[in-house]
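Here are some quick comments to go with the model. Have it open while you read.

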Amino acid sequence: MTREEMLKAGTPVTEMRSKVRYPDKIGGGYMASIEAVHQLHCVNLLRKASWYDYYQSIGDISFQNTPDVIRLHFDHCIEMIRQNIMCNADVTMITWYWVEGHTVPYPDFNTRHRCRNFEKIIDWSHKHAIHIDESEVTRFPDTVDLPKLHRDA
């Protein structure tokens, strides 16, 4: 993202020197990624957690840390998903049926939703992606580190 885009997105000026920047030789700008991809990572992590024994036994990288770090990762993902649900609350109405053999009403989850074209979002992100070697992501001399507890893990 450009400096102007970062500021427009709400990054405080005081934090700009802490953001990761790309070298000018590849166009400069600031490192950014689409939140939906992170949210899908979180859903996938929680899916894997429901099959913890399997994914831990095959050496999945998500489960190679200490139990405390794994717990923090789960909690972080749950919080990110909670925020997304509350910020983008789906107000589609769920109706209820009386179903034979049930003593309480049963929800009809077969609802119609109005969705974004996720493929177009991913295509846009690929078109605008910058692919550089990890070694080229370097700290500029004027970089200021944020305090350790400044943001979620």
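Predicted model: local features only at pLDDT ≥ 70, side-chain atom pairs only at ≥ 80, totals over all residues.

The points below take up a helix pair and then a pocket.

1. Take a look at how helix H2 (residues 35-49) sits against helix H4 (residues 67-87). The handedness of the H2 and H4 crossing is left-handed.

2. Who touches whom? On the H2 side you'll find Glu35, His38, Gln39, His41, Cys42, Val43, Leu45, Leu46 and Ala49; they meet His73, Phe74, His76, Cys77, Ile78, Met80, Ile81 and Asn84 in H4. By type, that contact has ten nonpolar residues, six polar and one charged.

3. Next, the second largest pocket, which holds about 770 Å³ of space. Its lining runs to 18 residues, and those nearest the centre are Gln39, Asn84, Asn88, Cys115 and Arg116. Gln39 and Asn84 also turn up in the H2 contact with H4.

4. Which helix gives the most to that lining? H2 does, with five residues. H2, H4 and helix H5 (118-127) each put in at least two. Sorted by type, the pocket lining comes out as nine nonpolar, five polar and four charged residues.

Methods. Residues numbered from 1 in each chain as written. Heavy atoms only, no water. Left-handed = near helix turned anticlockwise from the far one by under 90°. Helix = DSSP H or I, 4+ residues; strand = E, 2+ residues; numbered from the N terminus. Contact = heavy atoms within 4.5 Å. Nonpolar A, V, L, I, M, F, W, Y, C, P; charged D, E, K, R; others polar. 1 Å grid on protein atoms, 1.4 Å probe; cavity = no way out; pocket = protein on both sides within 12 Å on 5 of 7 lines; lining within 4 Å. Points joined across faces, edges and corners; volume = space filled by probe spheres on them.
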